[in-house]
Amino acid sequence: MNPVSYARAASVADALHMAGGQGARLLGGGTNLVDLMRKGVDTPSQLVDVTALPDGIDRAEDGGLIIGAAAGNSAVAAHPLVRSGYPMLARAILAGASAQVRNMATVGGNVMQRTRCLYFNDVAGARCNKRVPGSGCDAIGGFNRYHAILGGSDACIATHPSDMCVALAALDAQVYIAGPAGERTVPLVAFHRLPGERPDIETVLDPTEIVVAVTLPPSPFAARSAYRKVRDRASYAFALVSVAVGLTMREDRVDAISVAFGGIAPKPWRAAWIEDALRGASLSPSAIEKAFEAEFADATLLPGNGFKRGLAKRTLCAMLTELGGTAP
Amino acid sequence: MTKIQNAVIGSVRTVIGWVPAGWLPGGSPDPLIERRAAIGRQASRLDGPSKVAGEARFAAEVAVDNLSYAALVHSPITRGRIMRLDTGAAEAAPGVILVVTHRNMPRLGTLALIGMSDMSAVGNSDLPILQDAQVHYNGQVVAAVIAETQEQADHAVSLIMIDYTAEPAKTLFEEAKATARTPASVLIEKNHVTVGNAERELSRSAHIVDNVYRTPPHNHNAIELHTVTAMWEGDGLLVHDTTQMVAPSATALAKLFGLKREQVRVLSPFVGGGFGGKGMWDHQIVAVAVARMVGRPVRLTLSREGVYRMIGGRTPSEQRVAIGADAAGRFTALIHSGYSVMPPYGACPEQYTLGSRALYDAKSFEFLQRHVDLDIVPNTFMRAPGEAIGTFAVESAVDELAHAMGVNPLDLRMANIAERHPVSGTPFSQHALKQAFTDGAERFGWNRRSAEPGSRREGEWRIGMGCAAGSFPYARMPGANVRITLHGDGSATIACSAQEMGMGTATVQAQHAADRLGLPLEAIRFELGDSDLPASPMAGGSSQTASVAGAIIAAAEKLTGEMLRLAGNASPVAGLRAGEVRLADGGIASIADPSRHDSFESILARAARDDMTVTAAGSMPLEMFKFAMHSTSAVFCELRVSDVTGEVRVDRLLGSFDCGTILNPKTAASQFRGGMIMGLGLALTEETLFDGRSGRIMNASLADYHIPTHLDVPQIDVMWTDIPDPRSPLGARGIGEIGITGVGAAVANAVFNATGKRVRDLPITLDKLLPD
């Protein structure tokens, strides 16, 4: 525990001004950051409360959606525009955490949340390259049932734990960023970094920047989409594997397709190989399997997480088969 | 704890072996079995309203003046020595009163370990506490901070710098098996038991199953954290604790701190869940010691992580079960052996073979437990220690045998359920496990089970049914005392140090006392949770209800004699002897002529007495030695397994119990259900992730250690035979632990029926059900 100052930002400009310093962290619902502070995993010297920043959920000019970073997860899941236009997103959010946590958690915080790797969280007893760069990774030879089979490195195999971000990845979400030099947008799938040699750097966000909104383009997938989260316990557990799928069909062939996985990679994993292989194809089991094998060709399987490859394949096959068969 | 039972049995079994049953104190059934009013009623908990209103004060909520707060430092290494200690920054931190390490901790002896011969022993570990630089296990307490606020104490803890030198540690179960010990006894039951030559019989059997089952370590997760508030008042010590052992704790603290027993008072009126984990651990000793050092009351509440690090849980086990059967399906051999952890400084031997000794007849038996020594926080008693995991192994094996033979597993059980204790030959006091199975199967719809595994489907889900038996021994502990005070207004106060862990002890004993004394329930007040009250034993081994009931019986007998004497010659009951009267309708009545009645009020008024008080101890529990006494269960489960993901979702659970008289259906049903939910966790999700490389628990939180959530818990049906046990007080046997017993196997057997996959390694997580 460390002494920490607390300030509440009244505007984006205000937040940018306050958040620029070393040791500052933005505080949304606190459902992750406060836990990390209690455990000593993160030791900020200044908290900037950003819950007063824009939290609207509004129709964008292009017919899509713009969601303020301070919007609550529960509010997003319950919003009529989300439920009608992006049902996959509502389902993903409701699959996560508990009602209490979702009520507190914000969209910006969800995007920025840290891994729940047991070794990352154990300051006193474990080595972690994400927490202390260069110290080593105890997860690779330890308990790694919740860890990555794609996109990991020798330094880190921790997964990004979000359900919401998996749906956002499948829906081509953009992260709207403000910084001292102005504003920019980054596709959500490019927002989180793979660990490589520097697992401590998790996103492309500069320390001086903040996430102010997430935007969604109009989605063709409202009629045929699904989010499925696989876990031993029916509630309050992170995904072993989760899959977000959106589909449009032209006669018996795939027209547009979007697939993203959670629980298998350090970031929400948009499955471009699978999409490319299936676009224009008919959804036969062999076609799905072949597409899957291309995506997962480089999977690194450990004793604790090797089952996820087959689990992801079975889950994807079942979802695509079911979605492909439903009337649009 | 059958430990206590066995301790007593060991000393008197041979002596009374020849005594006819009718001569024993338990020989003539308790008259209240036939004649009861409040007992057996659906009474709500007496403490319910105060808990709902937030008025009940738990140990962490007691208001105390001038209170200070403590926090603990746990060793992050597993074995080694503290080489350098820097407490300067912590001592200088705001609000810090004292930092305690092995350097300045008062020199103390060690606790006597629970069980064996000393009934007041409460130790889960007999390692020294903050006495030297040695670290014995990961999580051991190595320092404490006392500060003005909890936050200041928590902060200062983070400033203590300790350098250790690590030494090689024993952390790998598989490696340590090579040097496992074979104890002579398990809770003083003989450990290695052979009847006939089981291996030879097995090899000659027409049908054989012979497999190894594994269960992981578990941690205690009572909703109330362990917490203690200790204060010295002159030479006296007052401790607000949350404990399953009120009076024994006071005795042990007196011994450890060199006090007279009457100088120590332990208060624990409410316990927010015990399950075996709320015994004496290091934190109570530290709190008492530092309260004297700082001259102020000290409150020490463990964090949830702290509970994982320094309160032991259930040991992992590796169990071999082999069953042979002849062509007709009669068991010819039953072998149950294995390994579990018990460090030499621990107290709990996890008696997983004891349940198997009481369930089935067989031509031959062999039972043997071996103890693996690891450098870990000592494992302890956790709801049905032994039986919860032992029945997983043996009842999975019975299911496997039934499948191999192509018979209904229920029929195979019915054909082999014992009519007398199968190993000792002792008659059961009462035993209706077959009826529990028959009744349960009918209510559950067992006949709808498909014999062929994997043949029932609903969409992607495969549906299966499974059942299993459970057995848990009856125990009535010696050393239970109660005081009964009859007041001038005709009401009564019953007092003893007993423990209320939420199961309804006070409610049920008030119901009992009402019937025993012939008073309405509203006229009874029951006081407990205070070591200054007449001492009763720890709450453990599902024994407290029978133990306290036995003492109330003794005290009521004494009260009858005293009131008869006080009634004098002018009384309508004058001239009657104790054996010729009973307590009824608020007074004493002649059994032969109930119109001869004298009320307590008029007896006391005539004698110009405000009240009458008697104190008595329960009789020796001789019934346990003459009879085999076991609560039993038949558990049924229906579930579905996703063909896509391997996810298991339980749809229905039914427990059919044979536990003697059910004293209060409402509180009993809660006990059964709670135990069965705990069994779902054991079956499907609970597992302490003990990293063998470091000897450290990695999932020390409720986010990472998965107990069932509401969504995981289906409709649970409970039912019971309600056949009184003629050998126990009130006809009742224990119900606290039988609920979890058998659930693990019922789930595993249902998973097999659904999928054709046999999982012998708990928990049954989805990866174990995916195709290879």
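Visitor: Thanks. What share of the 328 residues in chain A is buried?

Guide: Buried residues make up 53% of them. Buried is defined as 20 or more other C-beta atoms within 10 Å of the residue's own, exposed as 12 or fewer, and partly exposed as in between, with C-beta atoms placed from the backbone. Keep in mind that this is a predicted model: local features need pLDDT of at least 70, side-chain atom pairs count only at pLDDT 80 or more, and totals for chains, interfaces and linings use all residues. Residues are numbered from 1 along each chain as its sequence is written, while chains are lettered from A and ligands numbered from 1 in the order in which they are written.

Visitor: How many helices and strands does chain A have?

Guide: There are 12 helices and 12 strands in chain A. Both are DSSP runs numbered from the N terminus: helices are H or I with at least four residues, strands are E with at least two.

Visitor: OK, sheets. What is the strand order in the open sheet of three strands in chain A?

Guide: The order is β1-β3-β2 in chain A, with parallel pairing. Two strands pair if DSSP finds at least two bridges between them. In chain A, β1 (5-8) and β2 (24-27) stand at the edges with a single partner strand each, so one side of each has no neighbour in the sheet. From one strand to the next, the twist averages 25 degrees; angles run from 0 to 180 degrees between N-to-C directions, using axes that are lines fitted to C-alpha atoms, for helices over the stretch in contact.

Visitor: How many bridges are there between β2(A) and β3(A)?

Guide: Four, in the parallel sense, with β3(A) covering residues 46-49. Across that pair, A:L26 stands opposite A:V48.

Visitor: Now β11(A). Is it mostly covered or uncovered?

Guide: Mostly covered: seven of the 10 residues in β11(A), residues 253-262, are buried. Nine bridges join β11(A) to β10(A), residues 241-250, and the two run antiparallel. A:L247 has A:I257 as its bridge partner there.

Visitor: What sits in the turn between β10(A) and β11(A)?

Guide: That hairpin has two residues between its strands, and A:E251 in the turn has a positive phi of about 55 degrees.

Visitor: Which other residue in chain A has a positive phi although it is not a glycine?

Guide: A:D172, with phi of about 60 degrees. A:D172 lies in the loop between α8 (164-170) and β6 (174-179) of chain A, and is partly exposed, with 19 other C-beta atoms within 10 Å. For background, most residues other than glycine have a negative phi, and most peptide bonds are trans.

Visitor: Where's the cis peptide bond in chain B?

Guide: It joins B:L762 and B:P763, with omega about -10 degrees. B:P763 is in the segment after α18 (743-755) of chain B.

Visitor: How many residues does each chain bring to the contact?

Guide: Chain A brings 22 residues and chain B brings 27 residues. Being in contact means C-beta atoms, placed from the backbone, within 7 Å. Helix α12(A), residues 307-325, gives the largest share of the chain A side, six residues.

Visitor: What do the buried residues of α12(A) pack against?

Guide: They pack against β9 (225-230), β10, β11 and α11 (285-295) of chain A. Among those buried residues are A:L311, A:L316 and A:L323.

Visitor: Last one: how much of chain B is buried?

Guide: 59% of its 772 residues count as buried. Chain B comes to 18 helices and 31 strands.

Technical notes:
Contact = placed C-beta atoms within 7 Å.
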